[in-house]
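Hi,

Here is the structure I said I would pass on. Have a look at it first, and then read my notes below.

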Amino acid sequence: MKKLYGVIGDPIGHSMSPAMHNDAFETLGINAYYHPFHIKREDLAAAVAGMKAIGVSGFNVTVPHKTAIMPLLDEVDPLAQAIGAVNTVIRSDNRYIGYNTDGEGFIRGLNEEYGKSVLDKHILIIGAGGAARAIYYTLGQQGAKRVDIANRTAEKASQLKERCPYAVETELLALIEAEEKLGDYDIIIQTTSIGMSPGVDKMPLRLANIRPDAFLSDIIYNPAQTALMKEAGLRGARVQNGLRMFAYQGALAFEKWTGVLPDPDRMEKIVQDKLGGKTC
Ligand code: ATR
């Protein structure tokens, strides 16, 4: 019998996940279908119970349900618990178990593009929101040595550090301090929304001190090249946008459901094609 997977969110109409996962099911000859479910906040508990009752085999979770879903699941993996957000649910013995593949998806994509593991590098994360938390805690879980955080609001960066369950050496910086010390970093990870449409010419900090041998990864993928990436490239640094992270978080979810890791290049290409010429 065909298995049913999906993604829940609000809004959900523009999700790229169905195209990515349905292509992978087809390519790998897996008899399954992935559907976008538009679920409003007030219907979340009923939706989860309903999906379990009708036998949905697994699903992704997106905005605004990533945190609210946690108490509705039978179990939440410790890393997702620490991150405080679930993006992937698997069904095992009729129990729903929540995971977070965003951080690992990001790190796999970064390691690949960087050409080697970044764990022993001096890393700077810009931002201290949900995406920064997933990346910082997963870096911590994987044994990263030195990860500093620069954020507009000091209190949010300090909470991020204090609540991290893994031992990581971390200095907290104001954005202006990070600008001054930028030459210290091998890897710079941009996690804020600055640079997305409509503010496509905005940057979270100035890059005057970036090293030409540094690597800058911006988790934004629309536009495909942010102002920050452009500037870093002009200064000789290598750059990457967020497409790889998006493709990999999906690929890792797929692997959790089926035991097979689909081709992340193919997934990335599908998202790129769906974005088409649209760059803002
Ligand atoms: P997400 O879950 O996508 O990471 P978020 O939790 O709202 O989003 O976090 C947004 C991040 O972008 C935060 O680090 C935020 O800084 P503050 O903690 O100071 O709010 C950062 N951010 C958003 N707009 C910003 C701006 N105009 N200038 C500087 N930082 C900004």
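This is a predicted model: local features need pLDDT of at least 70, side-chain atom pairs count only at pLDDT 80 or more; totals for chains, interfaces and linings use all residues.

Let's start with the overall layout. The protein splits into domain 1, made of 3-100 + 244-274, and domain 2, which covers 103-241. Their centres, taken over C-alpha atoms, are 26 Å apart. Where the two meet, 13 residues of domain 1 touch 19 residues of domain 2. Interface size is often quoted as the accessible area lost when the parts come together. Here domain 1 and domain 2 bury about 1,400 Å² between them, and 62% of that is on carbon and sulfur atoms.

Next, the helices. H9 (residues 243-258) packs against H1 (residues 17-27), with an angle of about 50° and the axes 11 Å apart. That makes the pair oblique, and the crossing of H1 and H9 is right-handed. From H1 the contact uses Ser17, Met20, His21, Ala24 and Phe25, while H9 brings in Phe246, Ala247, Gln249, Gly250, Phe254, Trp257 and Thr258. Sorted by class, the residues of this contact are seven nonpolar, five polar and no charged.

H9 also packs against H10 (residues 264-275), this time at about 125° with the axes 9 Å apart. H9 is therefore oblique to H10, and their crossing is right-handed. On the H9 side you will find Leu243, Arg244, Phe246, Ala247, Tyr248, Gly250 and Ala251, and they meet Pro264, Asp265, Met267, Glu268, Val271, Gln272 and Leu275 of H10. This contact has nine nonpolar, two polar and three charged residues.

Now for the backbone. Most residues other than glycine have a negative phi, and most peptide bonds are trans. Which peptide bonds are cis here? One is Ser197 to Pro198, with omega near 5°; Pro198 sits in the loop that runs between strand E10 (187-190) and strand E11 (215-218). Another is Asn222 to Pro223, with omega near 10°, and Pro223 lies in the loop between E11 and helix H8 (227-234).

As for phi, Asp93 is not a glycine, yet its phi is positive at about 50°. You can find Asp93 in the loop between strand E5 (88-92) and strand E6 (95-99).

Cheers

Key: Residues are numbered from 1 along each chain as its sequence is written. Side-chain values use heavy atoms; hydrogens and water are left out. Axes are lines fitted to C-alpha atoms, for helices over the stretch in contact, and angles run from 0 to 180 degrees between N-to-C directions. Helices (H or I, at least four residues) and strands (E, at least two) are DSSP runs, numbered from the N terminus. Angles under 35 degrees count as roughly parallel, over 145 as roughly antiparallel, 65 to 115 as roughly perpendicular and the rest as oblique. A crossing is left-handed if the near helix is turned anticlockwise from the far one by less than a right angle, and right-handed if clockwise. Contact means heavy atoms within 4.5 Å. Ala, Val, Leu, Ile, Met, Phe, Trp, Tyr, Cys and Pro count as nonpolar, Asp, Glu, Lys and Arg as charged, and the others, Gly among them, as polar. Domain bounds come from an automatic or database domain assignment. Buried area is the accessible area (1.4 Å probe) that two parts lose on being put together, summed over both.
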